[in-house]
Each structure stands twice: as structure tokens, then as C-alpha cells.
Amino acid sequence: MTSPSDILHGKILIVDDLNANVQLLARMLGAAGYVSVASTMDPLEVCELHRRNRYDLILLDLQMPGMNGFQLMEKLKEIESDDYLPVLVITSQPEHKMRALQTGARDFISKPFDLAEVLVRVHNMLEVRLLHKALHNYNEVLEQRVRERTADLLEGYLETIFTMTRAAEHKDKDTGAHVQRISSYTGNLARALGQSEEFTDMIFFASPMHDIGKIGIPDHVLLKPGRLTPDEWAVMKGHSSMGAEILGNSKSPYLQMGAEIALHHHERWDGSGYPSGRRGVEIPLTARIMNICDIYDALRSKRPYKPAFDHSKAVEIITCGDGRTRPEHFAPEVFAAFRQNHESFREIFDAHAE
């Protein structure tokens with residue numbers, strides 16, 4: 001609630017090219033107890049004065065040389081971002097009152113001045129203005145609290161993500177910086193595909209969880225240096241479903257996307273992937289992006305079953321195929337974006353080498 005003291009301390013600016021009018025209004029307001037009253041007879045000064053002082057009320061004469069009150073109100077609108085123009089116009093011409101209100105003025109007082117009218121209208125205008133400011137400030141406080149709460153939730157989500165990712169890394173020492181690179185690959189590729197910043201941010205943080213299901217794969221299978229038997233390969237493929245189960249049923253959008261990527265990142269565009277043999281657009285975009293990023297990094301990295309390849313060889317295998325990997329495995333738009341931006345993959349790999 002606005003107190004009488006708040007109203008009397010409201011900042012007032014009188015704008016009139018006649019010194020007699022300025023002095024009369026200033027005396028009226030001073031005698032009524034208003035303690036923050038300024039004035040100017042130059043309308044060209046008003047905008048800069050208002051920028052510096054943010055007056056709670058501007059008493060504005062409409063007929064002035066150089067810039068009239070209507071023109072000045074249009075300029076003041078450019079300063080008042082919340083569309084509330086704290087202007088009380090002064091006029092002796094009744095036909096100007098409606099135009100002034102349409103231009104943005106909140107009220108008017110007539111010449112010659114009536115003391116009671118001036119004080120009532122000034123009091124009412126200041127009360128509304130101060131209540132408007134209080135509401136605006138309250139909304140800003142609420143918005144700040146929401147932002148802080150959102151930041152706390154995001155920090156909590158990311159801490160969970162990093163904790164689970166470290167647990168998965170602990171199982172497979174050869175992947176070292178793999179998850180760091182995956183974040184950058186997927187973020188860059190999403191941006192190259194024209195995805196929103198929100199999507200790009202989410203996939204950056206969600207993609208490192210793609211192999212979280214490997215926590216449930218026995219070491220003798222996960223770390224086997226040679227070729228896996230059909231039974232062992234069936235066990236290994238189970239990490240996709242395990243990852244989705246670990247991350248599923250979460251309210252966090254990051255974990256939800258992580259579950260989606262974990263489940264589908266080994267699906268292939270031609271339907272030859274696993275665990276469900278999805279094809280084409282049945283595969284979520286997140287997983288289509290993840291698939292080519294995961295394969296590039298696997299080709300560049302030493303594994304128990306293969307040596308590390310250089311960038312040129314990895315790009316050749318992805319774009320031309322080698323029997324195990326073929327271009328038709330990848331979504332066409334993702335494949336094209338990779339071909340156009342593969343040098344960024346080289347840079348990311350070099351920046352986060354094992």
C-alpha cells in the first residue's frame with residue numbers, strides 16, 4: 001500500500017515555457033508538502049532529465065515553442081519501456097484534452113489553475129504511478145526468484161548428469177574424454193542443422209549420457225579385447241535399453257532427452273540398427289545426430305578391438321563406407337551437415353584428446 005509519505009516524496013517535474021506558471025505550480029505543490037519538485041521551461045531538456053531522474057509525474061504544458069507537449073509525449077514513450085507515461089497535461093483548450101489522452105497522457109488540469117483540482121489530480125496520479133512501480137518491482141522480484149530457482153534446478157540436473165556420466169566412464173577407461181567430445185560434436189551439429197539454442201543446449205548436456213547403460217554390462221563383455229560372440233554381442237546391445245531405463249521416468253528435460261538418445265542412438269536410417277530396427281524419421285532427431293557423432297569418435301579412438309584412425313580416415317569411412325559403416329546408415333540431412341562441417345569435428349577431437 002502506498003503511504004501518504006511515499007506520495008509526498010514522489011518525484012515531480014513541471015514543464016511550462018511560462019515562468020509564472022512554473023512558479024505558481026511549484027508554490028502550490030510545496031505548500032501541500034511535496035518535497036521533490038523540479039522544473040524546466042525548455043521542452044528539449046525533458047527527455048534527458050527524465051532518463052536521469054525517472055520522474056513519477058510530469059506536469060506538461062501542451063503549448064510550447066520548439067517542441068509542443070504532443071511531440072514531447074511521443075519522445076517520452078521511447079523512454080518508458082513499460083508503456084506507462086506518467087504525464088499530467090496542462091491546457092486551457094478543451095479540444096486538446098481528448099487528443100492528449102489519446103497520445104498517452106494519464107490525466108489533465110485546466111488553466112487557469114484551481115488549487116483543489118491540481119492537488120487532487122496530482123495526488124491521484126502519484127498514487128497510481130507509485131502503485132504501478134511497486135507492482136512492476138514486485139514482478140521483477142518474482143521473475144528473479146524464478147530465474148534463481150530455474151538455475152538451481154538446472155545445476156541439480158547437470159550435477160546428476162555428470163555424476164552418472166563419471167560412473168559410466170569408470171567402467172570403460174578407454175573412453176576418457178569421449179563424453180566431453182560428444183557434447184561438443186552434438187551441439188555443433190545441432191546448430192549446423194538450424195536447431196534452436198534451447199535444443200542445442202539440451203543435447204549438449206544430454207548426449208554424454210548415451211552410454212550410461214554400460215554400467216550394467218559385465219566387464220568381461222564390455223572390456224573384451226577381441227571380437228564378441230553372438231551371445232556377448234546380444235548382451236552388449238542391451239546397454240541401449242538399460243540406459244533408457246536408468247534415465248526414464250524423470251521430470252528433468254535433460255534426462256528425458258538423455259533417455260531418448262540412450263535408447264535410439266544405435267538405430268540406423270535404413271532400419272538395420274538396434275534395439276528396435278527403427279528407420280527414417282521413426283528415429284528421433286536427437287538420436288540421428290548422436291549416431292554419426294558417436295561413430296566418428298569411435299573411429300578416432302583406440303578400442304579393445306581396433307586402433308585409432310586419423311580424421312581423414314574416419315571421414316572417409318563415414319562418407320564412403322567400409323562394410324561395417326555405410327552412408328545409408330545416417331539420416332540424409334545429418335549426413336550432409338557432417339560432410340559440410342567435419343573440420344569442426346577434427347578441432348573438437350584435438351581439443352579434447354585422450
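**Helix, burial and disulfides**

Modeller: Helix H7, residues 178–192, has 15 residues and reaches 21 Å from its first C-alpha to its last, close to the 21 Å expected at 1.5 Å a residue. The expected span is 1.5 Å times one less than the number of residues, and helices are DSSP runs (H or I, at least four residues), numbered from the N terminus. This is a predicted model, in which local features need pLDDT of at least 70, side-chain atom pairs count only at pLDDT 80 or more, and totals for chains, interfaces and linings use all residues. Residues are numbered from 1 along each chain as its sequence is written, and side-chain values use heavy atoms, with hydrogens and water left out.

Biologist: Why is H7 called largely enclosed by the rest of the structure?

Modeller: Buried means under 20% relative accessible area, exposed over 50%, and partly exposed in between (1.4 Å probe, protein chains only). Because 11 of the 15 residues of H7 are buried, H7 is largely enclosed. Among the buried residues are His178, Tyr185 and Leu189.

Biologist: What makes Cys47 count as buried?

Modeller: Cys47 has 14% relative accessibility, so Cys47 counts as buried. Cys293 is also buried, with a relative accessible area of 0%.

Biologist: How do you know that Cys293 is too far from the closest cysteine sulfur for a bond?

Modeller: A disulfide is a pair of cysteine sulfur atoms within 2.5 Å. The closest cysteine sulfur to that of Cys293 is in Cys320, 19 Å away, and therefore too far for a bond. The structure holds 0 disulfides.

Key
Helices (H or I, at least four residues) and strands (E, at least two) are DSSP runs, numbered from the N terminus.
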